[in-house]
Amino acid sequence: MMQKYLAIVGGVGLVAASVFLLNTRPVAAQSQGSAAMFDSNGNMKLPTGFRKWVFVGAPLTPDGLNNGKAGFPEYHNVYVEAKNVDVYLKTGSFPEGTVIVKELTRVLSPMFPDGSRTEPSWRGFFNGEYNGIDLTIKDSKRFAKTNGWGFFTFGHHPLPYEKTSAEKSVTECAGCHIANVAATDMTWIQFYPLLRDKKGY
């Protein structure tokens, strides 16, 4: 009789423990920190899985930008983790640890270099091959000298990208953001309707 009683108590305890673990997993996932990871030299590691984040927009750069030295035209496909978009929509600023990924793709155009058009079924401009990644991360302590955001690039070229990146200098990236979008959390909010209009998903 005692063995039967112990077996029942043990079974109930096992079920309770399983329910507890199942109920705590979402909380643990929600409380994870930033997607940013750094190596022992302070270089940022290339993030993974960012194409599953919220796609907030894709500015299209023209041919003439940067005097033709940057490989334009390109789409700049921009991704932010959903939890950080949610905070921005509520508060108007991104939380610490926010990572914003800008992945570049070459533009496929219906125009040939000589100005002639392709077949009529192909009209418009389309994303071509992947062509690089730029990234920003909000960390007010680590990047205090650049208004709390760090700027990185993993190459402006087709795949594969570099695996790590050192922080870019103020003249390369942060300076332009400081001069033009310091009031909007160092981000070009005006180019992304989801963030700009705060209407939600």
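**Cores and rings in a predicted model**

Visitor: Over which ring does the charged end of R51 sit?
Guide: This is a predicted model, in which local features need pLDDT of at least 70 and side-chain atom pairs count only at pLDDT 80 or more, while totals for chains, interfaces and linings use all residues. Residues are numbered from 1 along each chain as its sequence is written, and side-chain values use heavy atoms, without hydrogens and water. A charge sits over a ring if NZ of Lys or CZ of Arg is within 6 Å of the ring centre and within 35 degrees of the ring normal. The charged end of R51 is 4.2 Å from the centre of its ring, that of Y130.

Visitor: Over which ring does the charged end of R142 sit?
Guide: The distance from the ring centre is 3.8 Å, and the ring belongs to F38.

Visitor: Which residues does F38 join in a cluster of ring pairs?
Guide: Rings of Phe, Tyr and Trp (its six-membered ring) pair if their centres lie within 6.5 Å. Such pairs link F38 with F143 and F152.

Visitor: How many residues has the largest nonpolar core?
Guide: A nonpolar core is a set of buried (under 20% relative accessible area, 1.4 Å probe, protein chains only) Ala, Val, Leu, Ile, Met, Phe, Trp, Tyr and Cys residues joined through side-chain atoms within 4.5 Å. F94 and W149 are among those with the most contacts inside the largest one, whose residues number 17.

Visitor: Which element gives the most to this core?
Guide: Helices (H or I, at least four residues) and strands (E, at least two) are DSSP runs, numbered from the N terminus. Those supplying at least two residues each include β7 and α4. The most, 3 residues, come from α2.

Notes: Buried means under 20% relative accessible area, exposed over 50%, partly exposed in between (1.4 Å probe, protein chains only). Rings of Phe, Tyr and Trp (its six-membered ring) pair if their centres lie within 6.5 Å; planes under 30 degrees apart count as stacked, over 60 as edge-to-face and the rest as tilted.
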